[in-house]
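Here is a short note for a colleague who wants the fold and the chain contacts in brief. Please read the points beside the model.

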Amino acid sequence: MPQLGESIAEATVIRLDVAVGDEVRADQEIIEVETNKAVMGVTTLCNGKVSEIRAVEGVSYSVGSLLGLLEVTEEEVARTGVDTLESLEAKNQNQAAEEKKGEEENLHFALDGDSYEEDPSIIPSVKGLPVPTGVMGAHYISPRMRARMNDMGLREADISAVVGTGAGGRVTVEDLERFLDYLEAWPSAPASPMRLAVADAMRRSWTRPLATVGLPVILDRVLAHRREQTPKPGLTLYLLRAFALALKEQPMTAGYLIGERVVHPRSFDIGVAVQVEDGVVVPTLRKVDQKSLSELIAEYDDLVDRARRRRLTEEDSSGGIATVTNFGTFGLTTGTPIPLPNETLILGIGAGKKKPVWSEQVEAFLPATEAEMMLTFDHRVVDGGGAGLLLNLVAKLLQEPEGL
Amino acid sequence: MLKARILENKLSSLYKAGKIVGGVYLGKGQEAISGSLGAALVQGKDCFAPLIRDQAGRTAFGESLLDCTRTYLGSVEGPMKGRDGNIHRGRPEMGMPAMISHLGAQVPLIAGMLFAKRLKGTLEGCVGATSVGDGATSTGAFHEGLNLAAVEKLPMVVVVANNQFAYSTPNTRQFACADLAERAKGYGIAGFSVDGTDLLECAKVVRKAVKRAREGGGPQMIVANLLRLSGHGEHDDGSYVPSNAKAGHYGRDCVEVATQQMVDGGYATVDEILAWQEEMAAEVQKAVAQAQQEAAPDPYKEDWTALSTKFPFIPS
Amino acid sequence: MSVTYIDAIREAQEKLLREDDRVFLYGQDIASFGGAFKATKGLADAFPNRVFDCPISEDAMIGLAVGAAIEGMRPIIEMQFADFSSVAFNQIVNQAATHFYRTGMPIPITVRLPSGGTPGSGPFHSQSMEGIYAQYPGLVVVTPATVSDAYHMLIDSVKLDDPVLYCEHKFLYRWLKSKSINGDYLPIGQARIARPGKHATVVTYSAMVHEAVRAADRLQADGWEIEVVDLRSVKPLDLDTVLASVARTGRLLALGEAFPWGGVTSEIVSRVTEEGFHLLDAPPQRLNARDTPVPYHPKLWAAHRPTPESICEALRKLLSF
C-alpha cells in the first residue's frame, strides 16, 4: 500500500482490476482503494506478471502492507530499481535484529530501525571554537580550573610541577587532582602565614625581568670608623646611608614602571631586610638621605628590634623605594636578592673576607677585607650601565665613612 | 447614560490636569447604544465584553464607579491592581472580561464563554455580548470570531458602533460595502441597523436583538450609526473629523437627544433630569475622591510572577 | 505489544475526557476524522459532544478557549501544525498569557502544537516554536521526548491552571515506540538524564534527545561518555539539573532543532554561563538548525537540522578544547 497522502495511514481496497497471471505495464492502475479523503488508484512500478494477490476487496490495509506480488525480469529490476521480495526480506531481518537489540537493553524508549536514511555524503559544517587547541604548550586555564585553584589557594607557580594532559599540554583539573593525590604520600607541614606572605611577595616580584650585577668593596675604612663609634652603627647602616646618598644622585634608577610611566621616588626611604623566624620582614627608614649615620642609629635599632619581636606596623614597612640586605651575616659571600614587589632595587652585601688585593702603589698583593655587593634591579627601568654607576658610587662613598 | 457622560467629563478634566497615567478613551456619543446594550443584559447570567467606549454599557451592566476611578487613578485597590489600566479593566469572574488592545479579540472570547455554558448545560436563556467599532470589523479576529459563533449557533450579540472614524481613519478607508450591516448576511446571521443617536430607537432594537438571541436565534449583529464626539483618546483633538459630519444627523449628541425624548415623552421632567445630574455628579465626585486617596501599587510588594503554578508541578 | 508516541497522546486525551467533565477538544478535523495525525481517533465517538471540528480560524480557536476557561472549562486545542499557531499568536501571548497577571484569574488551556520536521514536510509544516512562546511571561512550554512523557505531561498540562503549549514532535509520532506508557514519572519542571556520562553534557529536548543519544552511542566507541539531559519542559527550565550535569562534565553543548537566533539553546548557554561559569572547562556551544526556513527536499532537510553526525562533530570539537 503506497503512501497516498500526508495524513493517510490506511486505505480500503474497493476493487481489484487484475487477476493472477495477467501481464501488467509500469504505471498501470491495478487496484482501486478508498481513503478518508478520496478514491485513488494503486499503480505498478514496473512491467511484469501478476504472480500473487494478497489484498481482499472490502478490507482496509495500512500503508506499507504487501498487497500482491509481480514476477519481473532482472533487467526490469535493474531498470526501475524496484524492491524485490529478497531485498525486502533482507531489510526486515536487519530491522528485527535492531528491534531485538533495543528490547534486550531495556531502554526507556525503543528506537525503531526503519527511521529515515541519513545521506552519508552530507558533511555537517560546525563552527570551530575560538582557542586553537593544537597549539603546543597552551597554558589556557579554564574557568573551572581557575575556580578549583582558588578553592585550594593555588597559584600558577604552584602547579608548575604538574604535567598537563589536556589539549596542547594544558593542565586539567584531573591532572591537578592526580598530582595532589601523589603529593599526599609525601611528608608535609602547613605553611606559616609568614611563609605564605613571603611566598606571595616573591611570586609577585618575580613577574618582572630582574638582573643582578656585582662589585666588590673594600671595607677596611668602614670597619676602622666603626671601631671608634659609640654606640656602634651596624654595618648594614653604613650601606644604607651610602645607598641613599648614591640614589639621591641617581634617582631614576629607583624608578617604578607602571604602564608607560616611570614613577620617581619622592623621598629616600630605604628598607632593611630583617630575617625572622620562617621569613623576612622589611622595615623602612625614612629620609635616609637627610639624616647622618649617627642620627639614624636609634631609628635603625628600634626598627630592627621591633622587627625581630614581630611588632612592626603596616606603616613601618611601607613606602620604601629600595631595600638593603646583609646576607653576609649568614656567612654568604654572594647572592642574587629579589626586590620587594613594589620596589625595583635591592642592594645586598656578602660577608667580608680577608683577601689579597693588588696595590698599584707597592706592586704587590696586600691583605684587605673585601665583601661583594650585589645589586638586583628591574631591567625594564634600569640597565647594566645605570646599575654599575650606582654601585660604583656606593663603593666610593663607603671609602669615606666619615662623610656618611 | 447620564452617569457615564458625567463620569467621563470628569475623567477628561482629570486627564487634562495631568492626574491620570496613560491614555483616556471616552465614549462620548456612544452612550445611547452602549447603555441600551448594558441595560438589556443581566449581570450574573449574561456575559458582556465591553470595549473602549462602553462606559455607559459597563455602568448599566453593573460595574461600580469605583472600579473605573480606581483603575484610571492608579489605585492598587482597583480590579487590575495597577497591572493594566484604563479601559482594559474587567471582572471575568463576574462575566465581564478584561479587554486586550488588539481589536476584535473579544469576539471569539465571548463565543468561548457561551460555548462553555452550553457544554455545562447552563446556556439556556443566556446571552453574550460584545461591542466593537467600525475599525474592529476589519480585523481577522472579528471575522474568525463571528464566523465561529455563527457556525456554533451561539447566542451572541455584537454591537458595531460605527462612529465613522477609527482613530483618524474614515469609513471610506475602512470597508467597501455600502452598509456594515450587510456583512451579517455573509456570516449567515441576523443584522440590524439603528440610529445610534436616538436612545429610544437603540433601546428598542437592542432589546429585540437580545431577545432573539436568548430564544435561540444565533448571533445577532447590530450596527449603530453615530459620530464619535471626542478625539480617539483625550490626547487627540480629532481635528480630522470634518465639520459637516459634526453638523449632520449622526453628529447629534445622543445625551441631548435623549433628554429631549424623556421630556417630550413624559418619562421625566427637566427638573428631575437636573436632579439626576446633580446626584450622579456627587456620586462621581465621591468615587474620584476615594480613588485619589488610595495607595498606588508598590513595586516592592509585587510578587512579579505571571504564572499561578509552582514548579515542579505536583498535581493534587 | 508496543505503544507509540501518538498512541500515548491519544490515550492521555481519552483518560482526560473520561475523568474530567471540564475537558473538551477543539480543532480542525479532529472529530470523526480523528485528526490529521489520528491523535484523536475514536474519541469523538466515545465521548459525544466533547470533541469538535472547527473552522480554519486559529485566532478564534484560542479566543474561544480562553473564554471557555474563564467559564471554568479545560479545553485542549489541537493546532493542526505548530506552524499555523502564528495566526493565533495574538490570542496566545496577549489574551491567554497575560490574563492571570492582569486579572488574577488563571487560564487553564492546553494548546497542542505538532512541531518539528519530517522529511518532505517543508517550511510551513516543520517549525519548532518553543523559543518564541517561552519568551512571553505567563506561558508554560513543554516538549515531551518519550512515550511516557507524552502521556503523563499531557495529563499534567491539562491539570495545571496556566496556559500550556504542548509541543509534540511529529517525527516521534509513529517512529518512537515503548513497551508501555508507564515509564518513570517526573513532574513538569524537572529535567531527566536521558543518558549518564562524564566527558561532556548535551542539553536538549524533544526529538533531538534521540539524535543526541545516537551521537553519544557513536562517540562511546572512541571512549567518550557523553551525558544527555532531556529538558522535558522548556519553560520552566530546570537549571539545577543542567548545572549539576555541567558540574560533572565541565563541557556543554546546547542542542535544538529550532532556528539559531535566540531561543532555547541561547537561554541554556546564557544561564549556565551566568551561574556556572566556574564549572566550565570550555566555552559552552550551541547547535541548532540553519538560519533559513526549513527546506522541503529531504536531502536539504537532512543538512538543515542537527544530525547525529553534526552532533558528533560539535562534541568532538568541544571535547578537544
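1. In chain B, 72% of the contacts between residues at least 6 apart in sequence join residues at least 24 apart. Two residues are in contact if their C-beta atoms, placed from the backbone, lie within 7 Å.

2. A caveat on provenance. This is a predicted model: local features need pLDDT of at least 70, side-chain atom pairs count only at pLDDT 80 or more, and totals for chains, interfaces and linings use all residues. Residues are numbered from 1 along each chain as its sequence is written, while chains are lettered from A and ligands numbered from 1 in the order in which they are written.

3. Chain B holds 11 helices and 7 strands. These are DSSP runs numbered from the N terminus: helices are H or I with at least four residues, strands E with at least two.

4. Of the 316 residues in chain B, 50% are buried, with 20 or more other C-beta atoms within 10 Å of their own C-beta, placed from the backbone. The C-alpha atoms occupy a box of roughly 60 × 50 × 40 Å along the principal axes.

5. Which pair of touching chains has the most contacts? Of the 2 pairs that touch, chains B and C have the most. Chain C puts in 39 residues and chain B 37 residues. On the chain C side, H3(C) gives the most, with 9 residues.

6. Chains A and B share no contact. Their closest C-alpha atoms are 22 Å apart.

Conventions. Buried ≥ 20, exposed ≤ 12 C-beta atoms within 10 Å, placed from the backbone.
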